[in-house]
Amino acid sequence: MRKLLTAMSTIVWKVVRKINCVYTGQPAELLEQRLYFDEHVPDVGLPYRVLARKCSQATECNLAGYSCRWAYTNPGRDPFTEQRD
């Protein structure tokens, strides 16, 4: 987990889901870049805000031409929601 500290918050990449990718046959991780607030922020339900999401295999899938949301080639196809553990 890589951390980037700011004056009032902490930013980390966190693994939120792991699957065996149906396209590559390899393990893949869905990661979220989270901003954790150092102070209580009113009207925010979670103690963090999601800034970005990415797949650990996105570059490989994109180069191989796999049709997937995380390879940035098909926003309607998401193996992390299609495949349940």
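Here are some notes on the charged and aromatic side-chain contacts in this predicted model.

1. Start with the charges. Side chains of opposite charge can pair when their charged atoms come close.

2. Glu32 has Arg34 as one partner, with N to O at 2.9 Å. Have a look at the burial here: Arg34 counts as buried at 9% relative accessibility, and Glu32 is buried as well, with a relative accessible area of 9%. Both fall in that class because the cut-off is under 20%.

3. Glu32 also takes a salt bridge from Arg53, where the closest N and O atoms are 3.1 Å apart. This pair links distant parts of the chain, as Arg53 belongs to strand 4 (residues 48-55) and Glu32 to strand 3 (residues 27-37), 21 residues apart. Arg53 is partly exposed, its relative accessible area being 43%.

4. Next up is Arg69 with Asp78, a salt bridge whose closest N and O atoms are 3.7 Å apart. The cut-off is 4 Å, so the pair still qualifies. Arg69 is partly exposed at 40%, whereas Asp78 is buried at 9%. As for shared partners, Glu32, Arg34 and Arg53 are joined by their salt bridges into one network.

5. On to the rings: how many aromatic pairs does a search of the whole structure find? It turns up three. In one of them, Tyr23 and Tyr66 have ring centres 5.8 Å apart and planes at 20°, so they count as stacked. Tyr23 sits in the loop between strand 2 (9-20) and strand 3, and Tyr66 in the loop between helix 1 (58-64) and helix 2 (79-82), so the contact ties together parts 43 residues apart in sequence. Tyr23 is buried at 18%, while Tyr66 is partly exposed at 30%.

6. Trp70 and Phe80 also pair up, this time edge-to-face, at 6.4 Å centre to centre with 85° between the planes. Trp70 comes from the loop between helix 1 and helix 2, Phe80 from helix 2 itself, and they are 10 residues apart. Both residues are buried.

7. Finally, charges over rings. Arg34, already paired with Glu32 in a salt bridge, places its charged end over the ring of Tyr48, 4.0 Å from the centre. Lys54 lies over the face of Trp13, at 4.3 Å from the ring centre.

Notes. Residues numbered from 1 in each chain as written. Predicted model: local features only at pLDDT ≥ 70, side-chain atom pairs only at ≥ 80, totals over all residues. Heavy atoms only, no water. Salt bridge = Lys/Arg side-chain N within 4 Å of Asp/Glu carboxyl O. Buried < 20%, exposed > 50% of the residue type's maximum accessible area, 1.4 Å probe, protein only. Helix = DSSP H or I, 4+ residues; strand = E, 2+ residues; numbered from the N terminus. Phe/Tyr/Trp six-rings, centres within 6.5 Å; stacked < 30°, edge-to-face > 60°. Lys NZ or Arg CZ within 6 Å of the ring centre and 35° of its normal.
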